Protein chains: 2
Amino acid sequence: MVSNLGIQERKEREKEHRREEIVDAAQKVFFDKGLQAATMDEIAETAELSKGTLYIYYKSKEDVYLAVVMRGLQILHDMFESRIRSEGQVVKAMIGLQETYYEFFKTHRNHFRMLHYLQTPQFHRQVSDEMKQSCAVVNKKMWDLVIALIQRGIDESILVSHLNAAELGIFLWSGATQLMIRIDTESERWQMGMKIDLERVLRVSNLLMLESIMTPDARRDNEPLLHEILPRNS
Amino acid sequence: MVSNLGIQERKEREKEHRREEIVDAAQKVFFDKGLQAATMDEIAETAELSKGTLYIYYKSKEDVYLAVVMRGLQILHDMFESRIRSEGQVVKAMIGLQETYYEFFKTHRNHFRMLHYLQTPQFHRQVSDEMKQSCAVVNKKMWDLVIALIQRGIDESILVSHLNAAELGIFLWSGATQLMIRIDTESERWQMGMKIDLERVLRVSNLLMLESIMTPDARRDNEPLLHEILPRNS
DNA sequence: AACATCAAATGACTTTCAGTCATAAATTAT
DNA sequence: ATAATTTATGACTGAAAGTCATTTGATGTT
């Protein structure tokens, strides 16, 4: 027992590495097959491990799934952060956030789907408390970015309404999210039946929601900026 | 073979009755256990039938689930219809629709959840085409009600925007739906962490969205009506 | 009434998959 | 070299969706 401290550390690193390898494999399988159709056996095979080993590192399939979700949240957080940092004006930054969320949706479609699964009540059952906790931390980190920006908008008298910063965040977030979900799953249905371009609806919706919580002054000051976003027709 | 026509008819009726009995049982079990945890064995037991019989009347668990969803859609449709019929003014009727949707959410929470499950991509896999078709019909019937009202609003120059009636419908619908989903699943989380009342957010959100697509004239004319909805504070 | 035909119902069986656990392999400590 | 401990394994269990050969029962025919 000469250098057991160093060994301890190395083992920790290796363990962490294994956990990441498992998430790599899980992500691949979840993205390919979807949450339901993905099996632990296939994840094990992809990770070149036995199924039993997966259960040493994660308590359940749902926990593995949450590990993938956390990666998505982290990506979204990083995208938000870099976009907000590079923009001083609140209104521009708000529009930037909306665009960034949509960009995340387009370029990380599978991660977006994973995040959406999270909302269905069927999970949160076999999920371990630790995992729920970790997830909440990443989620809050991202959410705090958004709320801080909105708060700045309120402080600068650019944004106003009967709602506080966090509530405004939820308001903006909800409309956008639901529309993206529809774009993801029902786009053709709407395009066929009626002649509806959901992506345009999303753009207009984002604009309407943002305008609806801006002060008249701010709306006037940012008019050219806001009208830039609008689609060509009408 | 004297009166085989009458017998044929009676058999049809009995068959239809069985189907309804199965949906009764399925609804009970789905509502109690949730979509995932509900088993076909338990549905069979509740219906006092064998599992094999269920599969004579429905092709899969998902089909049975869709039969329950259709009931929810029908309830919502009926609620919408009676509310719209009793209101001539477009703005009042629009507010009525928003209130009705929320009322549906509160009084038929389980049906709302079933509808929400529909959005997850994990289904639509083992669902039979007939069932999908039937579901689309009921859905369209309800949707047409909403769109017709919005179209009336546009025709009367009360509503206006870059979107057509159907697109406006999706816009209003999406924000409300996503907020209700959150109220259903994450209400405490938001209430604890930050001090957020999601139901108030929903009310304000509905108002903001509606106002954002009203013409300035209409907004002025309906000012007292709109401000009635607002929560007390601020 | 006895028999034939057809439809409806059954439940034992198959398959698939999450999760477990006794055993084996590998690694570390003595 | 050997014991102790940690890590990995895959055969096994239980649960649940879906199937199908067989039975039950109803309708029609002689």
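This is a predicted model: local features need pLDDT of at least 70, side-chain atom pairs count only at pLDDT 80 or more; totals for chains, interfaces and linings use all residues.
Residues are numbered from 1 along each chain as its sequence is written, and chains are lettered from A and ligands numbered from 1 in the order in which they are written. The axes of helix 8 (residues 165–193) of chain A and helix 8 of chain B cross at roughly 105° and come within 8 Å. These axes are lines fitted to C-alpha atoms, for helices over the stretch in contact, and angles run from 0 to 180 degrees between N-to-C directions.

Where the two helices meet, helix 8 of chain A contributes A:S174, A:G175, A:T177, A:Q178, A:L179 and A:R182, and helix 8 of chain B contributes B:I170, B:S174, B:G175, B:T177, B:Q178, B:L179 and B:R182. The residues of this contact comprise eight polar, three nonpolar and two charged. Here Ala, Val, Leu, Ile, Met, Phe, Trp, Tyr, Cys and Pro count as nonpolar, Asp, Glu, Lys and Arg as charged, and the others, Gly among them, as polar.

## The interface as a whole

Chain B places 36 residues in contact with 36 residues of chain A, contact meaning that C-beta atoms, placed from the backbone, lie within 7 Å. Two or more residues on the side of chain B that touches chain A come from each of helix 1 (4–37), helix 6 (109–117), helix 8 (165–193) and helix 9 (198–212) of chain B. Helix 8 of chain B gives the largest share of that side, twelve residues. By class, the side of chain B that touches chain A has 17 nonpolar, 15 polar and four charged residues.

## Chain A

Chain A has eleven helices and zero strands; helices (H or I, at least four residues) and strands (E, at least two) are DSSP runs, numbered from the N terminus. Its C-alpha atoms fill a box of roughly 70 × 50 × 30 Å along the principal axes. Of the 234 residues in chain A, 37% are buried. A residue is buried if 20 or more other C-beta atoms lie within 10 Å of its own, exposed if 12 or fewer, and partly exposed in between, with C-beta atoms placed from the backbone. Among contacts in chain A between residues at least 6 apart in sequence, 62% join residues at least 24 apart.

Not counting residues up to four places away in sequence, B:V68 touches B:V23, B:A26, B:Q27, B:F30 and B:M114.

B:L163 is found in the loop between helix 7 (129–155) and helix 8 of chain B. B:L163 is buried, because 24 other C-beta atoms lie within 10 Å. Apart from its neighbours within four places in sequence, B:L163 is in contact with A:V201, A:V204, B:L168 and B:F171. The C-alpha atoms of B:L163 and B:I213 are separated by 9.2 Å, although these residues are 50 apart along the chain.

Helix 5 (residues 90–107) of chain B has 18 residues and reaches 25 Å from its first C-alpha to its last, close to the expected 26 Å at 1.5 Å a residue. An expected span is 1.5 Å times one less than the number of residues. Among the buried residues of helix 5 are B:Y101, B:F104 and B:F105.

Helix 7 of chain B has 27 residues and reaches 37 Å from its first C-alpha to its last, close to the 39 Å expected. Its buried residues are B:M131, B:W143, B:V146, B:L149, B:I150 and B:G153, and these pack against helix 4 (61–85), helix 5 and helix 8 of chain B.

Just after helix 7 of chain B, B:S157 takes a positive phi of about 55° although it is not a glycine. B:S157 is exposed, with 11 other C-beta atoms within 10 Å. Phi of B:E48, likewise a residue other than glycine, is near 55°. B:E48 lies in the loop between helix 2 (40–47) and helix 3 (51–57) of chain B and is exposed, with 9 other C-beta atoms within 10 Å.
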